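Good morning, and thank you for joining this group meeting.

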Amino acid sequence: MNDHAPRPASDTPVTVIGLGSMGQAIAAAFVGGGHPTTVWNRTASKADALVSKGAVLAKTPAEAIEAGGLVVVCVLDRGSAQEILGPVTDQLAGRSLLMLTSLTPTEANETSAWAAEKNIEFLGGAIMATPDLIGNPEEASLLYAGSSAVFESHKAALELLGTSTYLGDVAARASLLETGLLASMYSMFTGFFHGAALVGTEGITAKEFTALAVPWLKAMTTFLPGQAEFIDKGDYTTDVQSLEFNKGGLDHIIHISEDQGIGTSVMKPVAELIDRQIDQGHGPDSLARMIEGIKNPKA
Ligand code: FVH
């Protein structure tokens with residue numbers, strides 16, 4: 001191959017800084033994909049298994065950065081990332097930095113601004129997966145925001161980790177989307193737990209409940225795009241599934257839960273959001289109007 005021929009993507013050297021459970025999974029996926037992979041971790045022994053598979057252990061973060069075309073940082077939090085990267089900003093200048101350490105949206109934007117000031121190409125990421133799912137595109141989803149140049153030039157390497165979605169150049173977006181997805185997940189789980197507690201009062205097992213809950217919840221997700229349309233338009237006019245109609249359902253759930261002797265701490269806030277909109281005269285509007293009470297807790 002001559003010097004000017006495009007190199008196969010797997011020739012791109014990558015560096016992984018941070019070999020906790022997630023960093024190890026990430027580095028293993030790069031090694032498995034054939035990338036020359038250099039790693040660094042505060043506790044060097046965590047690199048042993050990776051080194052036996054072909055990764056190179058750098059002695060210092062600076063040495064690790066010098067080796068990588070793409071520098072991935074996956075440590076505990078922003079503070080630990082700053083401790084590592086602060087002293088090596090000169091080495092990072094002109095390079096591509098992918099931050100897979102969890103950051104808040106504000107931290108992501110601040111880190112992006114810091115990187116721009118230091119002439120570092122910055123891409124932020126959020127990992128929607130546990131370490132064991134890394135490398136499985138059907139189960140691992142990674143959200144990226146920041147430099148499109150970093151995303152595009154390293155897309156093949158990033159696809160080794162899981163399905164990649166680029167969300168635009170505002171770094172906060174990856175973290176914000178991650179948080180939105182997690183909020184949806186926790187609310188769904190909590191609703192499921194309430195249902196399981198309720199049916200459990202008559203000896204129905206959680207397993208029996210799950211057999212019905214899974215197809216039910218799946219069917220309900222088909223209504224999400226319609227709800228999104230109301231929200232994006234900001235117009236909640238509807239002739240089906242109004243707030244008033246759903247209020248009856250919620251009051252019923254709370255009443256039955258009390259009758260069966262279980263708590264109502266999950267369902268009451270939902271009923272309150274509906275009631276608040278009805279009190280303001282929006283009873284005939286779509287259930288989606290509940291979002292107005294979430295966006296503005298005083299509304
Ligand atoms: N694990 C998961 O399921 C989640 C999935 C979603 C995204 N998170 C985020 O990924 C980051 C790393 O998480 P992790 O699971 O790999 O975390 P640990 O196994 O606890 O490893 C922590 C690594 O951070 C290093 N570290 C901590 N403090 C410092 C420091 N002051 N200086 C240098 N390195 C530091 C630690 O080093 P060591 O203890 O091995 O020496 C580990 O490499 C995280 O942001 C999650 O939110 C994972």
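Predicted model: local features only at pLDDT ≥ 70, side-chain atom pairs only at ≥ 80, totals over all residues.

Is K247 buried, partly exposed or exposed? K247 counts as partly exposed, at 26% relative accessibility. Buried means under 20% relative accessible area, exposed means over 50%, and partly exposed lies in between, with a 1.4 Å probe and protein chains only.

Residues are numbered from 1 along each chain as its sequence is written, and side-chain values use heavy atoms, with hydrogens and water left out.

Let us stay with K247 and its partner. D251 forms a salt bridge with K247, and their closest N and O atoms are 3.0 Å apart. By salt bridge I mean a side-chain nitrogen of Lys or Arg within 4 Å of a carboxyl oxygen of Asp or Glu. Both residues belong to helix α12, residues 243-259, and because they are four residues apart there, about one helical turn separates them. Helices here are DSSP runs (H or I, at least four residues), as are strands (E, at least two), and they are numbered from the N terminus. D251 is likewise partly exposed, with a relative accessible area of 33%.

A search of the whole structure finds seven salt bridges. Another of them joins R289 to D285, with 2.7 Å between the closest N and O atoms. Here R289 is buried at 14% relative accessible area, and D285 counts as buried at 15%.

K295 and E292 also form a salt bridge, at 3.5 Å between the closest N and O atoms. These two lie three residues apart, about one turn, in helix α14, residues 290-295. K295 counts as exposed at 54% relative accessibility, whereas E292 is partly exposed at 23%.

I turn now to the ligand. Which residues come nearest to it? Of the 23 residues around the ligand, they are M22, N41, T43, K46 and S102; a residue counts as near if one of its heavy atoms lies within 4 Å. By class, this shell has ten nonpolar, ten polar and three charged residues. Two helices, α1 (21-32) and α4 (78-85), each supply at least two residues of the shell.

An N or O atom in the side chain of T43 is 2.5 Å from an oxygen atom of the ligand. The backbone also takes part: a polar backbone atom of G20 is 3.1 Å from a ligand oxygen, and a backbone N or O atom of L76 lies 2.9 Å from one. The protein covers 76% of the 900 Å² of accessible area that the ligand has on its own.

The largest nonpolar core has 31 residues, and I26, L100, Y144 and L161 have the most contacts inside it. Such a core is a set of buried Ala, Val, Leu, Ile, Met, Phe, Trp, Tyr and Cys residues joined through side-chain atoms within 4.5 Å. Elements giving two or more residues to this core include β1 (14-17), β6 (121-128) and β7 (141-146). Its largest share, seven residues, comes from α1.

Terms used: Polar contact = N/O pair within 3.5 Å; in protein donor to acceptor, adjacent residues only side chain to side chain. Areas by Shrake-Rupley, 256 points an atom, 1.4 Å probe, with all protein chains shown as cover. Nonpolar A, V, L, I, M, F, W, Y, C, P; charged D, E, K, R; others polar.
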